[in-house]
Amino acid sequence: MVKGKEIVLSGIRSTGNLHLGNYFGAIRNFIKMQHEYNCYFFIADYHSLTTHPHPKDLHANVKQVLVEYLACGIDPEVATIYIQSDLPEVAELYLLLNMNAYVGELERSTTFKEKVRKQPDNVNAGLLTYPVLMAADILIHRASYVPVGKDQEQHLEMARTFGNRFNRMYESELFPEPVAFNFGAQLVKIPGLDGTGKMGKSEGEGNAIFLADGPEVIRKKVMRAVTDEGPKMENQQKPEVIQNLFTMMNVVSRQETVQHFEEQYNTMKIRYGDLKKQLAEDVIAFAAPLRDKILELSANDAYLQKVAFEGADKARESASKTLSEARRLIGFRSF
Ligand code: ATP
Ligand code: MG
């Protein structure tokens, strides 16, 4: 933690193993940013409760994300890594912010509407107020930059709204306006292997390649990826399912390899079997060292405990400052 640097915050829900999309869409940015900003990376276990995980799975899910953060190269000596539920300050700020977040605006969130459609039997209040908790996550450290994927832009807008509203109500400048951040070029979206949409932790078996997958599993998943009958004419535009394989190849393979298969496609000589074999080997070469580290770290509970404890301590220092300032502005006084 370095004083004077701008503050960055981001988190990943502990809802399953991390995949190539999380790596190239989020964690790769985290690793670069940690050296240039004052970074907080957390594991969003309160957020995972909206889908009612079984109590026996909750801790293992948190551990998996912690291990994978570290395996990918987030350095706990440089960035602050912590578990959301280790900071009750976040829950208190969430309560305070809920008082001036309006039901109408929360109901208009696209993610909320989507969840209502997808899980009509479990439309809990936590789903509705998810953006308030996300705002609390960001505002508790008075963060300016939030490296997240495209899917989070609307939530971030709401965090700005809640922060600004608080500032206006209490005539303060407590909360800066957080903005989305991406290092370098355009945002990447890694597609799922089932041909449409994005790779996701909870999109079902076979859609995602996990960082912890072994070579055999990766080969099987890639070989099963959806394709079509092949190009019908030279230099044609690629349909989505084929473009997806190239998008993945672009992040894991050498440029010459990508160019070779582009040429094969454009001259209609391509054999998807060859493309997939190469893609599988390149994914394996990328994932193998991460997998080794994941296995090694998973066995080192003493180290994980140390990282989690120290991270919580550092995060709490910043969180409690913001919270007491918010309480003071609202008018709470002790006798
Ligand atoms: P879930 O299915 O539980 O929502 P997820 O795989 O979408 O899981 P999140 O925890 O929602 O993962 O997101 C973590 C981070 O990874 C976010 O910054 C998100 O934008 C990014 N991300 C998730 N999936 C992809 C993807 N396929 N391509 C690029 N970035 C992604
Ligand atoms: Mg998601």
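For the tally below I count Ala, Val, Leu, Ile, Met, Phe, Trp, Tyr, Cys and Pro as nonpolar, Asp, Glu, Lys and Arg as charged, and the others, Gly among them, as polar. The model I am working on is predicted.

**Entry 1: the shell around ligand 1**

I sorted the shell residues of ligand 1 by class and got 6 nonpolar, 8 polar and 5 charged. I then looked up which of the 19 residues around ligand 1 come nearest, and found H19, I190, K198, K201 and S202. Which elements each supply at least two residues of this shell? I noted β1 (7-13) and α1 (20-33). The element that gives the most is α1, with 4 residues.

One of its oxygen atoms is 3.1 Å from an N or O atom in the side chain of R13. On K198, an N or O atom of the side chain lies 2.7 Å from an oxygen atom of ligand 1. How much of ligand 1 does the protein bury? Taken alone, ligand 1 exposes 600 Å², and I have 92% of that buried by the protein.

**Entry 2: aromatic pairs**

I searched the whole structure for aromatic pairs and found 12. One of them joins Y23 and F286, edge-to-face, at 5.1 Å centre to centre with 70° between the planes. I have both Y23 and F286 down as buried.

F246 is in helix α11 (residues 240-252) and Y265 in helix α12 (residues 255-266), 19 residues apart. F246 has 1%, so I count F246 as buried. Y265 is at 0%, so Y265 counts as buried too.

**Entry 3: charges over rings**

I checked Lys and Arg against ring faces. K238 lies over the face of F246, 4.6 Å from the ring centre. R327 lies over the face of F332, at 4.7 Å from the ring centre.

Terms used:
Residues numbered from 1 in each chain as written. Chains lettered and ligands numbered in written order. Predicted model: local features only at pLDDT ≥ 70, side-chain atom pairs only at ≥ 80, totals over all residues. Heavy atoms only, no water. Near = heavy atom within 4 Å. Polar contact = N/O pair within 3.5 Å; in protein donor to acceptor, adjacent residues only side chain to side chain. Areas by Shrake-Rupley, 256 points an atom, 1.4 Å probe, with all protein chains shown as cover. Phe/Tyr/Trp six-rings, centres within 6.5 Å; stacked < 30°, edge-to-face > 60°. Buried < 20%, exposed > 50% of the residue type's maximum accessible area, 1.4 Å probe, protein only. Lys NZ or Arg CZ within 6 Å of the ring centre and 35° of its normal.
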